[in-house]
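Subject: Handover of a structure and notes on its packing

Dear colleague,

Please find below the structure that I am handing over to you.

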Amino acid sequence: MSPTQNKPASTLTVIIAFATVYLVWGSTYFFIRMAIHGMPPLLMGAARFTTAGLLMLTWCIIKGEKIFIWRSLINSAIVGILLLGIGNGIVIWVEQTLPSAMVAILVSAAPIWFVLLDRQNWFINFRSRSTITGLIIGFIGVILLFGEQLDGMLTGSDISLKIIPMLLLIVGSISWSGGSLYAKHHPSTGSAVVNVAWQMIIAGLLFIPGSLLNHEFDGLHLARIPAQSWLALLYLIFFGSIAAFSAYVWLLKVRSATQVSTYAYVNPVIAVILGVMFAGEHITLLQVTGLFVILGSVLLINLAKYRNKKAAQHVEKSDLAVMEEERNA
């Protein structure tokens with residue numbers, strides 16, 4: 001969507017919105033780890049998304065928006081389960097064993113899966129050298145991240161225990177990309193805020209049976225949960241799940257999707273900085289190299305999309321000019 005087709009927005013408001021998406025989404029990995037340090041992970045996910053969804057839905061009711069559109073509810077359920085239930089749920093689960101910085105680095109490869117799963121655009125994407133090069137470079141980056149863990153398996157080190165969580169993160173990234181594509185090709189009617197609220201509520205409710213199966217309620221004493229875990233949960237609810245998403249949706253209306261997608265380059269860097277400086281996490285040179293390789297691949301893929309979009313717009317303008325000349329002839 002071209003920004004020129006939308007209502008004007010002040011430069012300051014745009015800067016604040018971008019800063020919110022860049023900093024808040026990048027910091028959520030750090031705060032997830034802080035939250036689950038003192039409370040069960042799946043219970044935390046249930047509390048985060050259910051609370052955020054209910055708050056957003058209450059706001060929509062106050063505004064008088066229609067909240068029950070059954071077809072949209074089905075779409076919201078599918079998208080909520082794929083994006084938040086599986087995609088974000090795996091992130092929450094693996095942060096029990098993996099540093100938040102490493103999780104953010106692996107998640108940054110999601111645009112690679114987006115291209116591979118977008119079957120409707122295969123013909124366009126795989127004709128682009130930049131896209132193919134970006135995919136190859138991206139997989140090299142992922143292999144670099146797995147390098148030390150695979151070496152640990154061969155030497156019998158405990159670091160091999162990280163392989164399964166890392167593989168789960170790949171599954172989570174695929175689920176996130178698949179859910180995004182489903183949302184793109186099956187648009188819901190009604191308010192976007194209402195749809196997202198239902199996505200959060202449905203995903204939050206999905207965490208509850210998982211929490212029960214994981215026996216997280218056994219011996220649970222809310223009074224024993226440290227204050228920093230409660231504060232981290234509040235941050236995730238109000239900033240991670242409400243403020244940042246609202247800023248993201250608004251930016252898509254006033255700026256191009258290519259511009260907004262730059263959050264994918266900034267979020268893992270923010271996560272790495274916070275993890276190293278405040279959580280005492282150790283990131284190796286090989287992992288930092290993997291981060292920059294993956295970000296380079298995402299840049300190439302997005303450049304290819306931008307060029308394809310510009311080419312399509314040029315063709316459309318040329319066709320309109322021809323039609324205008326024929327009309328005036």
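Predicted model: local features only at pLDDT ≥ 70, side-chain atom pairs only at ≥ 80, totals over all residues.

Overall composition

The chain has 329 residues, and buried residues make up 45% of them. Its secondary structure comes to 13 helices and zero strands, so the pattern along the sequence is written with α elements, as α-α-α-α-α-α-α-α-α-α-α-α-α. Among contacts in the chain with a separation of 6 or more, 87% are between residues 24 or more positions apart.

The nonpolar core

The largest nonpolar core contains 85 residues, and Met44, Leu169 and Leu251 have the most contacts inside it. The helix that gives the most to this core is α10 (residues 227-254), with 13 residues. As general background, nonpolar side chains in soluble globular proteins tend to be buried together.

Leaving aside residues up to four places away in sequence, Met44 touches Ile32, Ala35, Ile36, Met39, Ile92, Leu233 and Leu236.

Helix α1 with helix α12

Helix α1 (residues 11-36) packs with helix α12 (residues 263-278) at an angle of about 45°, and their axes are 7 Å apart. The two helices are therefore oblique to each other, and the crossing of α1 and α12 is right-handed. On the α1 side, the residues that meet α12 are Val21, Tyr22, Leu23, Trp25, Gly26, Ser27, Tyr29 and Phe30. Their counterparts in α12 are Tyr263, Val266, Asn267, Ile270, Ala271, Leu274 and Phe278. Sorted by class, the contact of α1 with α12 has 12 nonpolar, three polar and no charged residues.

Helix α4 (residues 100-107) is largely enclosed by the rest of the structure, because seven of its eight residues are buried. The buried residues of α4 are Ser100, Ala101, Met102, Val103, Ala104, Ile105 and Leu106.

Helix α4 also packs with α1, at an angle of about 135° and with the axes 9 Å apart. α1 and α4 are therefore oblique to each other, and their crossing is right-handed. In this contact, Tyr29, Phe30 and Arg33 of α1 meet Ser100, Val103, Ala104 and Val107 of α4. By class, the contact of α1 with α4 has five nonpolar, one polar and one charged residues. Tyr29 and Phe30 of α1 meet residues of α12 and also residues of α4.

Two single residues

Is Ser211 buried or exposed? Ser211 has a relative accessible area of 1% and is therefore buried, the cut-off for that class being under 20%. Ser211 lies in helix α9 (residues 192-213). Not counting residues up to four places away in sequence, Ser211 touches Leu42, Leu43, Glu216 and Phe217.

Ile78, for its part, belongs to helix α3 (residues 70-94). Its relative accessibility is 30%, so Ile78 counts as partly exposed. Which distances separate Ile78 and Gln199 in sequence and in space? The two residues are 121 residues apart in sequence, while their C-alpha atoms are 8.1 Å apart in space.

With kind regards

Terms used:
Residues numbered from 1 in each chain as written. Heavy atoms only, no water. Helix = DSSP H or I, 4+ residues; strand = E, 2+ residues; numbered from the N terminus. Buried < 20%, exposed > 50% of the residue type's maximum accessible area, 1.4 Å probe, protein only. Contact = heavy atoms within 4.5 Å. Core = buried A, V, L, I, M, F, W, Y, C linked by side-chain atoms within 4.5 Å. Axes fitted to C-alpha atoms, helices over the stretch in contact; angles between N-to-C directions. Parallel < 35°, antiparallel > 145°, perpendicular 65-115°, else oblique. Left-handed = near helix turned anticlockwise from the far one by under 90°. Nonpolar A, V, L, I, M, F, W, Y, C, P; charged D, E, K, R; others polar.
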